[in-house]
Amino acid sequence: MSQAHDPSHPAPHDLQHYQTVAATPFSDEERAAVYRAIHERRDMRHFAPGTVGDDVLLRLLRAAHHAPSVGFMQPWRFIRIRSRGMREGIHALVEQERVLTAQALGVRQDDFMQLKVQGVLDAAEVLIVALPPGREAHVFGRRTMPEMDVASAACAIQNLWLAARAEGLGMGWVSIYDPVALAQLLQMPEGSYPLAVLCLGPVQAYYAEPMLQQEKWATRAPLQEMLFDERWGQPAAANPEAAPRP
């Protein structure tokens, strides 16, 4: 038999059960800064000489660590690469896969080989974002969608990316490598997975538009093509491109 709810003791599904902070909107200036970071963030490949202070790097990692994660599993691990030898090993793995990727692209092979795909040897910092072993123990939110560990780690990467833009730094996400070979190079335990090689550091400038768009590799699709109403393929009634940008 269910017991009557005692209003003096809020149930866990009531907001009163939790410590909260006020849901006040940001000021116009604060809100503009957030949207600016989002719209000006770029996947950088070209880096300038310089360093990233330890205090700045810690701020960025804290921003990443405050990302949301499914079931609060926090699946991100960060490996800071400092030695030239390790960087050269990672660079070699990327170059090896770059050639194989080009071959798999067929008619676009030559165009791809002209692109700069990494800054491992140039950036002030190189970070590996890895998924730890034992992730199968986290069932909350993953029973039917186990890939949510990857999605959660991607949120941490995006947090770091936006924070880097706010700090005036550039960041590039490199995913062109054999993950098994990279895990071996980093002596990662069985069951772990190197999700991303992040190149981070000072840049002379940001690309005004994404580099791949400027290189005519691809263009950003209109939001209208990505937005449906009620069911798949049903065009949205409102045109989001008609609304003013923040």
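Analyst: A crossing of two helices is called right-handed if the near helix is turned clockwise from the far one by less than a right angle, and left-handed if anticlockwise. This is a predicted model, in which local features need pLDDT of at least 70 and side-chain atom pairs count only at pLDDT 80 or more, while totals for chains, interfaces and linings use all residues. Residues are numbered from 1 along each chain, and side-chain values use heavy atoms, without hydrogens or water.

Helix α2 (residues 54-65) passes helix α5 (residues 148-166) in a right-handed crossing, and the two pack at an angle of about 145 degrees with their axes 7 Å apart (helices are DSSP runs of H or I with at least four residues, strands runs of E with at least two, numbered from the N terminus; axes are fitted to C-alpha atoms over the stretch in contact, with angles from 0 to 180 degrees between N-to-C directions). Leu60, Leu61, Ala63 and Ala64 in α2 meet Ala156, Asn159, Leu160, Ala163 and Ala164 in α5 (contact means heavy atoms within 4.5 Å). By class, this contact holds eight nonpolar residues, one polar and no charged ones (Ala and Leu count as nonpolar, Asp, Glu, Lys and Arg as charged).

The largest nonpolar core has 28 residues, and Ile90, Val94, Leu182 and Val197 have the most contacts inside it (a core joins buried Ala, Val, Leu, Ile, Met, Phe, Trp, Tyr and Cys through side-chain atoms within 4.5 Å; buried means under 20% relative accessible area, with a 1.4 Å probe and protein chains only). Helix α3 (84-104) gives the most to this core, with four residues. Leu60 and Leu160 belong instead to a second, separate core of 23 residues, which also includes Trp76 and Trp161.

Conventions: Buried means under 20% relative accessible area, exposed over 50%, partly exposed in between (1.4 Å probe, protein chains only).
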